[in-house]
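Hi there,

Here is the structure I promised to pass on to you. Have a look at it first, and then read my notes below.

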Amino acid sequence: MQPMWGRTCPHKWRRQGIIIFRSTQRFTSVKEHKSGSQLSTKHLLGIKYITREDIDLIFRTATKFKEVINRPIKKVPSLRDVTVANVFFENSTRTRISFELAERRLSADVVNFAASSSSVSKGETLLDTVNNLLAMKVDMVVMRHPAPGAHHFLAQHIDANIINAGDGTHEHPTQALLDAYSLIEELGDLEGKNIVIAGDILHSRVALSNIFCLTKLGANVKVCGPPTLIPKHIHSLGVEVEYDIRKALRWCDAANVLRIQLERQDIKYIPSLREYTRYYGINKQMLNELDKKIVIMHPGPINRGVELSSDVADSDQSVILRQVENGVAIRMAVLYLLAGKLG
Ligand code: CP
């Protein structure tokens, strides 16, 4: 293989293993590819469908990219000539911007598609929409869609790599990866660590992806919330249920707190948000009563004063903005490793 960047490839990238090659394929490569270690899948449809080894590889790669994006020059040419479409059929702040930053920092060409301002409003189907993008030589599709399984459907019909940026109440794999990565930064190896996921478990794709990811990493997982917002068969995923938030907080090393997803609730699952806050809202006094300092996480957006009080969200126990920061490196790693499947 010839070095893709020849004279322009900085020595520091070579030293960090972010060495750029042009092979018979169009992809760029890191050390892991050279040593034969790469993702086991062509798409990232969910954490359920990747292995522990995939997760470890994504984390190792993200650590390299985290170092890169904390330098004055944050860009590497790894995805030059690769075009990524961010196709969002649902609103997003963190995920969409974080994917776009990740793509730009890898030097990919980026197109953004928001369903609300597209021809979807004229009746165009998902498949027609994506096939039209692919006709314009898009290589990878990052998609958020309200329908669980939309990405699986797409994967059966198109060739491009697909990354799930959230499909309804099903999965949000990059969120779970950045959550677990942030937890490892705080707690070290997650084997045997106690993690609570609190809130609206029933409607949360973050909860499901976190359960898959944390259990694959060996953590003990409990979910906590009102009985109406806990799926009936959640035990089958290897997690326990705790309905008392104070007991859950005493048990855990970290709590990932989720908002109530009113937009996905067609019936009333709780009497009112006020009542939810009274029984499940986490405030500083509750944390002060614990005999240890637990890590507080939230995928965002936060409903301040509902699931978390502001003094908890902004406390030194909160890693909420660290999660957002890590999201860019994790998404760079996922894009980069999947691009290895291009061609
Ligand atoms: N955590 C998360 O998915 O946030 P957004 O909906 O803003 O992307």
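**What I found**

Among contacts (heavy atoms within 4.5 Å) in the protein chain between residues at least 6 apart in sequence, 72% join residues at least 24 apart. Please keep in mind that this is a predicted model, where local features need pLDDT of at least 70, side-chain atom pairs count only at pLDDT 80 or more, and totals for chains, interfaces and linings use all residues. Residues are numbered from 1 along each chain as its sequence is written, and side-chain values use heavy atoms, with hydrogens and water left out.

The protein chain has 343 residues, and 57% of them count as buried, meaning under 20% relative accessible area with a 1.4 Å probe, protein chains only. Its secondary structure comes to 13 helices and eleven strands; these are DSSP runs (helices: H or I, at least four residues; strands: E, at least two), numbered from the N terminus.

Now for the inside. How many cavities of 30 Å³ or more are there? The count comes to one, where a cavity is a set of points on a 1 Å grid over the protein atoms alone where a 1.4 Å probe fits but cannot get out, and lining residues have an atom within 4 Å of a point. About 70 Å³ of space lies in this largest cavity, a volume being the space filled by probe spheres set on the points, which are joined across faces, edges and corners.

Its lining includes Arg94, Gln175, His298 and Arg331. α13 (320–339) gives the most, with five residues.

Enjoy exploring!

Key:
Buried < 20%, exposed > 50% of the residue type's maximum accessible area, 1.4 Å probe, protein only. 1 Å grid on protein atoms, 1.4 Å probe; cavity = no way out; pocket = protein on both sides within 12 Å on 5 of 7 lines; lining within 4 Å.
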